[in-house]
Amino acid sequence: MNFITILKTVISIIPTIIQLIDTLEAAFPQSGKGAAKLDIVKSVLQGSVEISEDVENGQFDGIWNVVTKVIGAVVALRKA
């Protein structure tokens, strides 16, 4: 997957990622559960990719690396 394709994919799902973070924070407001929440996000996205025709098999890891950075930035901004 090339850079532009990954960038477009991640940009297109940022609102969904933020909504998913909000949903998980509301459902599990306890601190110290970040890793478990991240696992849920990964499961949701990976499951969606598996049934989607938009992302080819084996390309989830490249997207996931970027998504984890986006999630980290969103969480850090909210805690600032």
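Predicted model: local features only at pLDDT ≥ 70, side-chain atom pairs only at ≥ 80, totals over all residues.
**Stop 1: helix α3**

Select residues 60–79, which make up helix α3. The helix has 20 residues, and at 1.5 Å a residue they should span 28 Å. The end C-alpha atoms are 28 Å apart, so the length agrees.

Now colour Phe60, Ile63, Trp64, Val67, Val70, Ile71 and Val74, which are buried in α3. Look down the axis of α3: its buried residues fall within an arc of 125°, so they line one face of the helix. What do these buried residues pack against? Show α1 and α2, because buried means under 20% relative accessible area and here the cover to look at is those two helices: the buried residues of α3 pack against α1 and α2.

Turn to the face of α3 that points away from its buried side. Lys69 and Lys79 are there, and both are exposed.

**Stop 2: helix α2**

Move to residues 34–51, helix α2. This helix has 18 residues. From its first C-alpha to its last it reaches 26 Å, close to the 26 Å expected at 1.5 Å a residue.

Pick out Lys37, Val41, Leu45 and Val49, the buried residues of α2.

**Stop 3: Lys37**

Stay in α2 and centre on Lys37. Is Lys37 buried or exposed? Its relative accessible area is 10%, under the 20% cut-off, so Lys37 counts as buried.

Show its surroundings. Leaving aside neighbours within four places in sequence, Lys37 is in contact with Leu24, Glu25, Phe28 and Gln30. One of these contacts, Glu25, forms a salt bridge with Lys37. The closest N and O atoms of that pair are 3.2 Å apart. Glu25 is in helix α1 and Lys37 in helix α2, 12 residues apart, and the pair links distant parts of the chain. Compare the two ends: Glu25 is partly exposed, at 36% relative accessible area, whereas Lys37 is buried, at 10%.

Side chains of opposite charge can pair when their charged atoms come close.

**Stop 4: Arg78 and Asp22**

How many salt bridges does the structure hold? There are two. For another salt bridge, select Arg78 and Asp22. Their closest N and O atoms are 2.4 Å apart. Arg78 lies in helix α3 and Asp22 in helix α1, so the pair ties together parts that are 56 residues apart in sequence.

Check the exposure of each partner. Arg78 is partly exposed, at 44% relative accessibility. Asp22 is also partly exposed, at 35%.

**Stop 5: a surface patch**

Finish on helix α1, residues 3–27. Which residues form a nonpolar patch on the surface? Select Phe3, Ile4, Leu7 and Ile11. Together they have about 400 Å² of accessible area. Zoom in on Leu7, which lies in α1. Leu7 is partly exposed, with a relative accessible area of 37%.

Key:
Residues numbered from 1 in each chain as written. Heavy atoms only, no water. Patch = residues over 30% accessible without salt bridge, like charges linked within 9 Å, V, L, I, M, F, W, Y side chains within 5 Å. Areas by Shrake-Rupley, 256 points an atom, 1.4 Å probe, with all protein chains shown as cover. Salt bridge = Lys/Arg side-chain N within 4 Å of Asp/Glu carboxyl O. Helix = DSSP H or I, 4+ residues; strand = E, 2+ residues; numbered from the N terminus. Buried < 20%, exposed > 50% of the residue type's maximum accessible area, 1.4 Å probe, protein only. Contact = heavy atoms within 4.5 Å. Expected span 1.5 Å × (residues − 1). Arc of directions from axis to C-beta.
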